[in-house]
Number of protein chains: 4
Amino acid sequence: MDAQSPETNLSPWMPFESRRRARDEKREAVLRTAVRLFLEQGYHRVTLNDVAERLNITKPALYNYFRSKDEILFECWALGQEIVDEFIAEIDNGGGNALAKLRKLIQAYAEQMTTDSGASLVRFDARDLTAENQKIVRAAKKRIDRTFRKYLADGVADGSIKPCDPKLAAFAIAGSLNWIGHWYQRAGAWSAEAVASRFAAQLTEGLANDRPSKRGPGTPKKSRPAKGGRK
Amino acid sequence: MDAQSPETNLSPWMPFESRRRARDEKREAVLRTAVRLFLEQGYHRVTLNDVAERLNITKPALYNYFRSKDEILFECWALGQEIVDEFIAEIDNGGGNALAKLRKLIQAYAEQMTTDSGASLVRFDARDLTAENQKIVRAAKKRIDRTFRKYLADGVADGSIKPCDPKLAAFAIAGSLNWIGHWYQRAGAWSAEAVASRFAAQLTEGLANDRPSKRGPGTPKKSRPAKGGRK
Amino acid sequence: MDAQSPETNLSPWMPFESRRRARDEKREAVLRTAVRLFLEQGYHRVTLNDVAERLNITKPALYNYFRSKDEILFECWALGQEIVDEFIAEIDNGGGNALAKLRKLIQAYAEQMTTDSGASLVRFDARDLTAENQKIVRAAKKRIDRTFRKYLADGVADGSIKPCDPKLAAFAIAGSLNWIGHWYQRAGAWSAEAVASRFAAQLTEGLANDRPSKRGPGTPKKSRPAKGGRK
Amino acid sequence: MDAQSPETNLSPWMPFESRRRARDEKREAVLRTAVRLFLEQGYHRVTLNDVAERLNITKPALYNYFRSKDEILFECWALGQEIVDEFIAEIDNGGGNALAKLRKLIQAYAEQMTTDSGASLVRFDARDLTAENQKIVRAAKKRIDRTFRKYLADGVADGSIKPCDPKLAAFAIAGSLNWIGHWYQRAGAWSAEAVASRFAAQLTEGLANDRPSKRGPGTPKKSRPAKGGRK
DNA sequence: TATGAATGAGGCTTCATTCAT
DNA sequence: TATGAATGAAGCCTCATTCAT
């Protein structure tokens, strides 16, 4: 508490520590505000003044945290992408067959789409970024795409998913999910989780292999697939 | 047939006719060029100079055909919407049960998404338009959405489609389709028709009612809820 | 009417004659319309399109009658100036002492100010004209000014007007009169003539010499109203 | 007085104070420059570049102080109007009969007309302003007009002014005065005060009641005018 | 003579970014 | 670190004027 307190010993460091923390907090505050505005009004209609104003600071102050407007945009995007990368890693390293993983991925991705940082991923235009950052974004998008395709291909291979073109199927699924970022409103009738589980169910409904190979993995939901072998 | 041909009689009007035709052709040329550029680079990165340059005219010449940049954007959009409205009307008035209609709609909409004018519908940002035009766009989008929902609801009612939430299902389908406007490249591996029919098949795969009620449609959801009653 | 009619004899000329007349009429129509618009909205806010539109012709058609927008402005002004020059000449050559002439001038000028072509003289900005035309305008304005001063000086000399600075008095009078061009509305309560005679009376009221030298001219208003009681 | 003077105590605020002062000074500098240019060349011929150039700044810098070109025009006008409103209030609350007040008003107004800010009042075109600001200008003009009329009417009532139509007389006087704003040149032969007093004398010469009724001023329309003329 | 179309010139305004304080 | 002020770079739009028909 007093000058002798242990903390005081670190004092030469503390200011740095706490300053850095303060700085990071402000940085994040800027990003949160920016995401909100970018989503509400669109990147090009939002001026740095708008962002600053909503934060009760002045425009040049923003340059203490970011080097340019498009860097802010990029960081907004990165915030959302980070989460996606995390749950992809988690699912990827987790258990379950391909279909199960796909379901988990859909669920997680759908939920993410209902958040600001998730919507950023599909509503921001990468062409507003530096060439360099565009590459990063494209790589990330490809990563996501490949994950979807991999689960689909794996599923077809292990029999949990009906034969299909993984590429096209991935596009179909991704489209449905990305679209959430455009229509979902926090004020709407559905909770994020509800939407996510419905999508997980619905989007895999047509894919699940009702008549899996003998003892194939899965034996999905429906017992007695009935005769109607689909169409 | 010779110099005295009937057309020659109309010659006094020809200049008008042909001028008007020329005008309309130029207007359309402007729109085609604009759509292309807007899709390639994004509305805000395209200047009217860019558009004019690619047409080998000067910027102010554009104002002979349009009153403002956002009017051009709107007309680009309208071009695509017109087509959608047309095939919706056609399908709506055509035959087939709800599921069949839904398939036709998906097919047509998917094909449209592979064209420039179709992609316009989902890649342009309505907020770049006049408040008035925004209303028109919103109304059109609602029209499309309602059509999807109607077919789904009708299908559930007539038994051709498995019980499901039409609103959510419509979102899922629309998302998949709209997404085409973002990834489809004319240079890609698939033809527009191929993509469209695959989507029509895949997107309805999970919806089609495998075990329709004995005597044709018309014993919708209610009777014998059965176990499969989703949720 | 037929080939033998007297007019036919002149036929080689007639077309010219009538054409010229038609041309002049159109020219004047343009000017009338232009004056109106320039007064209503101000020269810079009126486009040649506005002028053409109100005449039900097209913009380039105007160039058949005038070489430029500022030429139109100049001709509008000239129309009004012509009238002023005329009545100045008339008054100048007419009879009466200096005070009488001054009154006549005020009356005529005031009336002119209530017309469109009169208002043009004081509401158009000469700086919108060619350097050359500006000179013409300045010369005309000087002409008017000199006339006022001359009558004043003459009046002081012949005793009909009280001693005063002719320059300043001319400015005062001209100001009052020019101002009419700004406030007078044809729809107002006063007729042009009424305004004019009131101004003629009022503006000379303070100038008329009540105690003229011996038998000087004018024994205005006060003592023994006499016959000269102005109208 | 010395470095420790009270002002020094406020030093922490000085930066703010001085900045604000600097800002205001610059704002006024812009206005002074703008008025000058607008009067010299006319509002439409002056570009913001011209204004900026003469101030040795760049065009967009002007937008730190004003929101638009027409706002600058309005503020120029307001600068002049403020002065008028002030001396009107002063005269109105001051002593003297109506004729005396009228003289004071004429004198002050005439002097004002010889300044840039005074000339602005009559040489700027209100139609260049926002609809909203046009209203303000019109209201101010009406205010001035009413003051002239009131003094005239009061003077007629209290007998200090000869019977006359206050409306018309006000127009005549205002015209003379406003005209000063068009012809007066600082480089000319007359000082502002000289012009003003001559005008005050001359314009009221014809109005002053030479032979007021024996007892008490005028026996105009109102029977028993009493001394308490009006108000 | 009249027109539709086109153009050159230019003006206002916006905004991301920098800089001195 | 934060700010007021300034700037450079554009962009949209307007309009008088010209030209081919």
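**Touring the interface of chains C and D**

Between chain D and chain C, six salt bridges are counted. The model is a predicted one, so treat each stop as a computed value, taking a salt bridge as a Lys or Arg side-chain nitrogen within 4 Å of an Asp or Glu carboxyl oxygen.

Select D125(C) and R45(D). These residues form a salt bridge, and their closest N and O atoms are 3.1 Å apart.

Next, color chain D by helix. On the side of chain D that touches chain C, at least two residues come from each of α2 (14-41), α8 (166-183) and α9 (192-205) of chain D. Keep α8(D) selected: with twelve residues, α8(D) gives the largest share of that side. By residue class, the side of chain D that touches chain C holds 13 nonpolar, eight polar and 13 charged residues.

Now show both sides together. The contact involves 34 residues of chain D and 35 residues of chain C. The two chains bury about 2,900 Å² between them, with 57% of it on carbon and sulfur atoms. For polar contacts, the count between chain D and chain C is 13 residue pairs, both residues at pLDDT 80 or more.

Technical notes: Residues are numbered from 1 along each chain as its sequence is written. Chains are lettered from A and ligands numbered from 1 in the order in which they are written. This is a predicted model: local features need pLDDT of at least 70, side-chain atom pairs count only at pLDDT 80 or more; totals for chains, interfaces and linings use all residues. Side-chain values use heavy atoms; hydrogens and water are left out. Contact means heavy atoms within 4.5 Å. Buried area is the accessible area (1.4 Å probe) that two parts lose on being put together, summed over both. A polar contact is a pair of N or O atoms within 3.5 Å; within protein, one must be able to donate a hydrogen and the other to accept it, and residues adjacent in sequence count only if both atoms are side-chain atoms. Helices (H or I, at least four residues) and strands (E, at least two) are DSSP runs, numbered from the N terminus. Ala, Val, Leu, Ile, Met, Phe, Trp, Tyr, Cys and Pro count as nonpolar, Asp, Glu, Lys and Arg as charged, and the others, Gly among them, as polar.
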